[in-house]
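User: I would like to learn how to read a model feature by feature. Can you take me through one?

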Amino acid sequence: MRGGLSVAGLGRAAALLALFAAAVALTVNNGLSGFTFDSDPVYYGGYMVAKGLWPYIDWSSSYAVLPAVIEGGFMRLFGTGWHVSALHAGLTNGLFAVLAYRLFRHFGLGPVAAYVYATAAAVTYYAPIGYGTPDKPSFLFLMVALVLQAAALKSDRPGRVGALYVGVTLAVVATLLSKLNPTVLYAIPLLAMFFGLTGPGRLAALLAGLGTVLVLAAVFGLIELAHSGFLANLGYYAVKLPLLAGSGRVGGEGSFAYSKLATYTHLGTFNLLYGLMAAGVALLWLRRDQLFDGGRGYRRLILPVLLGVSFWAVTVFHLSTIAQPWPAHVTLVVPAVALLHAAIAAAVRATGPLHGESATTALRLLAVALTATVAMDAKEYQRVVGKPRLIFDLQLQLGETQPRGSVGIDAFRYLRWIPVRDAPHLAEEIRDVVTAMRSVPGNVFVLGMPNHYYVFADKAPLLPAMVVLAGHTTPPVGSEQEARMIARFKENVERAEVRHVVTSRTLADGLAKDFLASRFVCGVTDVGRRAVLAKLCADPLPDYSRVAGILYGFVPRQDRAPSLD
């Protein structure tokens with residue numbers, strides 16, 4: 001087609017559009033099927049941003065800061081319903097799939113194989129979760145960086161390489177502002193790509209990266225001038241606190257053997273992938289003298305193998321150093337297999353015989369076996385993990401679906417409610433708590449329950465953190481940083497003129513019982529069967545912050561009630 005796209009080009013564009021749309025649709029559908037509170041601090045973080053509160057200034061967290069800012073942008077545009085978080089996740093998944101396809105094609109995979117792997121990557125990336133999470137966005141930014149690096153490898157112009165590495169540097173910073181784990185191991189694939197550049201290209205990349213870092217430092221410095229304490233919060237929450245939390249997990253009780261990774265996914269065919277990958281690496285190693293021919297051989301063969309191995313290292317490290325290593329955290333498994341396949345394809349295309357046709361035939365059969373196995377795994381993964389939402393504490397009781405909007409709150413108007421195991425009354429409790437919060441004109445403190453309720457009821461976000469997990473997402477108990485966070489919380493409560501507290505009937509009969517009967521409360525009302533609304537006394541103490549301090553005590557320690565003395 002002269003003066004425009006060819007028929008083949010239009011076909012490829014249509015195929016990528018279909019890939020993107022399918023990845024978005026699958027993710028959004030999963031995100032709007034069932035619900036758990038143990039899932040999404042990004043939702044509350046986005047709500048704070050949508051309300052004009054900024055990270056490291058008005059609130060802080062050890063992870064998911066940038067994803068919360070992005071989610072806040074979506075909320076500004078589309079509202080604060082749960083479907084907005086699902087849309088955010090869906091678009092992220094679609095973009096990841098397209099970028100994965102481009103990366104696989106760069107390393108020589110044919111369009112059909114690259115499409116199969118990209119589709120499988122979408123199935124195992126964001127689709128089983130379906131809403132914004134702390135871990136997943138860092139993988140997208142890694143993929144952005146790698147695709148930009150791949151484009152730089154194709155260029156012999158230092159100026160273009162430098163321009164591309166500005167984007168690479170920004171993507172790396174974005175991974176750090178998403179979650180330090182698994183970002184700490186991204187240096188392996190990023191450096192492997194960097195060393196594929198020529199000498200002038202490396203110099204241009206280094207100068208571009210250094211310049212970008214200096215510009216960002218200047219921007220952060222200007223923010224510090226306007227908001228004192230910003231840099232201290234950035235350093236503590238983005239680096240020091242995550243390292244503190246992670247140091248206790250490496251090699252600790254949460255770690256598990258590498259051999260468990262196959263069976264951990266609940267998919268027996270992942271064991272076959274181990275064998276296929278090992279055989280492929282062995283064949284490539286045996287033919288290394290014929291296949292490695294300087295820089296060209298490094299880019300064609302050694303580089304995809306290095307990337308594939310590093311992806312496995314990131315996966316194992318991530319799964320063994322997170323609090324909840326659910327089967328949804330196998331993001332880089334499919335890209336690792338795809339890159340090994342790319343190396344095998346390069347070996348098949350290599351100049352000269354590979355000790356006869358038998359070795360070449362073996363490599364081709366391995367490539368076909370890898371593609372077929374991944375395709376079957378993706379289908380099985382969706383059936384076993386994606387559809388029943390085998391993630392975090394959400395395990396749906398399929399077959400008991402209720403109509404969309406059946407929960408009865410605006411935020412869930414597109415949610416298809418499916419009961420969660422061990423939580424038979426969750427929908428009723430959500431409805432009653434939100435009703436209680438909306439029954440009073442002012443702001444309400446959510447006592448001992450998730451921050452999602454502030455979003456559901458459109459009340460002022462009071463807690464200056466996405467979720468309180470002392471020593472993990474928020475500072476350790478008794479630390480100077482925790483004292484500052486509590487002070488911010490007290491300011492928020494007093495500024496919002498909080499005069500009501502809401503809690504569940506379960507907590508009202510348990511941890512919150514003494515508080516609700518204390519001198520600080522001047523009236524308690526049941527709302528439905530699952531919620532309790534309490535009115536704080538007009539002047540419970542001369543120092544109002546004392547009451548706020550007691551309220552905060554219900555947040556980080558839900559296993560015991562705070563002292564009322």
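This is a predicted model: local features need pLDDT of at least 70, side-chain atom pairs count only at pLDDT 80 or more; totals for chains, interfaces and linings use all residues.

User: Where does Glu497 lie, and what is its phi?

Analyst: Glu497 sits in the loop between helix 20 (480-495) and strand 2. Its phi is positive, about 50°, although Glu497 is not a glycine.

User: Tyr56 also has a positive phi although it is not a glycine. Is Tyr56 buried or exposed?

Analyst: Buried. Tyr56 has 6% relative accessibility, and buried means under 20%. The phi of Tyr56 is about 65°. Its place is the loop between helix 2 (41-50) and helix 3 (65-78).

User: Now the whole chain. How many helices and strands does the chain have?

Analyst: There are 23 helices and four strands. Of the 565 residues, 55% are buried. The accessible surface of the chain is about 23,400 Å², and carbon and sulfur atoms account for 63% of that. For contacts, look at separation along the sequence. Among contacts between residues at least 6 apart, 72% join residues at least 24 apart.

User: How do I read the sheet? In what order do the strands form it?

Analyst: The order is 1-2-4-3, in an open sheet with mixed pairing. Strand 1 (444-446) and strand 3 are the edges; each has a single partner strand, so one side of each has no neighbour in the sheet. From one strand to the next, the twist averages 25°.

User: Which way do strand 2 and strand 4 run, and how many bridges join them?

Analyst: Strand 2 (residues 500-504) and strand 4 run antiparallel, joined by five bridges. For a residue-level view, find His500: Lys535 in strand 4 stands opposite.

User: Next, disulfides. How many does the structure hold?

Analyst: One. A pair qualifies when the cysteine sulfur atoms are within 2.5 Å. Here the pair is Cys522 and Cys537, with sulfur atoms 1.9 Å apart. Cys522 is in strand 3 (residues 521-527), while Cys537 is in the loop between strand 4 (531-536) and helix 23 (544-553). The two cysteines are 15 residues apart, and the pair links distant parts of the chain.

User: Why is the disulfide of Cys522 and Cys537 right-handed?

Analyst: Check the S-S torsion. For Cys522 and Cys537 the torsion is about 105°, so the disulfide is right-handed. Then check exposure at each end. Cys522 has 52% relative accessibility and counts as exposed. Cys537 has 10% and counts as buried.

User: What can I do with a loop residue such as Pro403? Where is it?

Analyst: Ask for place, exposure and contacts. Pro403 belongs to the loop between helix 17 (357-386) and helix 18 (426-438). With a relative accessible area of 60%, Pro403 is exposed. Leaving aside neighbours within four places in sequence, Pro403 contacts Leu415 and Trp417.

User: Last, record annotations. Which residues does UniProt list for "transmembrane region"?

Analyst: The unreviewed UniProt entry lists several spans, including residues 82-100 and 112-131. Compare each span with the model. Residues 82-100 are 100% helix and 0% strand, with end C-alpha atoms 27 Å apart. Residues 112-131 are 65% helix and 0% strand, and their end C-alpha atoms lie 29 Å apart.

Methods: Residues are numbered from 1 along each chain as its sequence is written. Side-chain values use heavy atoms; hydrogens and water are left out. Buried means under 20% relative accessible area, exposed over 50%, partly exposed in between (1.4 Å probe, protein chains only). UniProt positions are given in the numbering used here, feature names are shortened, and annotations may be inferred rather than shown by experiment. Contact means heavy atoms within 4.5 Å. Accessible areas come from the Shrake-Rupley method with a 1.4 Å probe; for residues, only the protein chains shown count as cover. Two strands pair if DSSP finds at least two bridges between them. Axes are lines fitted to C-alpha atoms, for helices over the stretch in contact, and angles run from 0 to 180 degrees between N-to-C directions.
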